[in-house]
Amino acid sequence: MSSTPIFKTHETYTPEGEFDYVNSRESVRRSPFPFPDDEYMYSMNLEPHVPTGEGALRAEFDIDEHYVSECRHRAQMLEDMPGVHYAALPHMLEAQWDLLEVIFEAYARDYPEHFTLTKNGNEWHWVNRLLEIDDTFTFGDPSTLPMDPMEYATRQAQGEFIVLEEKDNDLIIGAGMATERADYSLRFNLGMHFYEFHGPVPKLHEMGILDRALKFLLRMKPGHPVRRVNWSLTVNPRLETSVETLPDWAPDRATVTEENAGESVYLRIELQPLHRLPRSNAVVFPVRTYLISLAELVEHAPDWAKRMHRALASLDHELVDYKGFHRYHEHAVNWLAKYDDGAPLATGYPWLEGGIQPGE
């Protein structure tokens, strides 16, 4: 499988652009498919974030064929709604520089054909060939950049980034770049504690997952990132589904039928590679989003489509409500049912030995 995609430069993620978005076969099959079993229940599912395979887990921060179009979409969202998608508390500047370094070093190491980072003491030279950026700046001096260090770096990255400050054995949201949000408000959540911003997720408290997750994250060490995958469904290939734009995208959920679910409903995969930052001791929580329509899943990864049908059909109703697709859940299940022959499928994530593969 090739690790150098053909980058699509003019895709759109809004109805104004007529959702001009499509995945290649390779893009679907390299994604971090999130269903290891026929039944799904929310869990920590954390593992060491080490290079694995030739797909989405090959690099520390994955980029794919949608990189250029997603970065352009982010720039447009930031221009359209200033102060909504990027925010940082004043004392988080050290963590911002930390994050810039982690992203730029990873990109330059994992994709040297596209990115170059040259350091001469604190004088750094950054080249991003995909976005035609060639800048020199002084690390630690924000006056040498055109914007905050975190904004500068994450404008050039796929996914959203939430930076958590550690304080009094707790983690607090201190900064975020979130133009790919799923049903929350960055401005509202800024400054929230760990239990507060995870409060709406059902069953986490009863199952003890939040307690275990916080204890684990507080023990994280720099240089030892971990990862997990999460997922949801969305209607149309919208990256930005925040609380602030709810009136724009919420009505889409009423347009899904059993006939059009294949083209309208998208599996929204979230790859979350968490890092402890070295200087500030903050924890960065990236959410790298992949959008795959049900029809693309059936065409390019038929065994994954079968597994998804079974996981959705057996999904707990509280999770259906929390994830926000109760209006079209049944339509998606019935549409996928036509492509599920009931044959046994492998257990485990696809990047694990013996795990479920996409099929032919």
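**Close-up 1. Aspartate 248 sits in helix α9, which spans residues 246-249.** Helices here are DSSP runs of H or I with at least four residues, and strands are E runs of at least two, numbered from the N terminus. Residues are numbered from 1 along each chain as its sequence is written. Please keep in mind that this is a predicted model, where local features need pLDDT of at least 70, side-chain atom pairs count only at pLDDT 80 or more, and totals for chains, interfaces and linings use all residues.

Close-up 2. A pocket is an open set of points on a 1 Å grid with protein on both sides within 12 Å along at least five of seven lines, and lining residues have an atom within 4 Å of a point. Among the 21 lining residues, Tyr13, Thr14, Glu16, His73 and Met77 lie nearest the centre. Helix α2 (67-80) and α9 each supply at least two lining residues, and α2 gives the most, with six.

Close-up 3. In a cavity, a 1.4 Å probe fits but cannot get out. There are three cavities of 30 Å³ or more. Of the 14 residues lining the largest cavity, Phe61, Asp62, Gln158, Pro273 and Arg288 lie nearest its centre. Strand β10 (283-293) gives the most to this lining, with three residues.

Conventions: Heavy atoms only, no water. Points joined across faces, edges and corners; volume = space filled by probe spheres on them.
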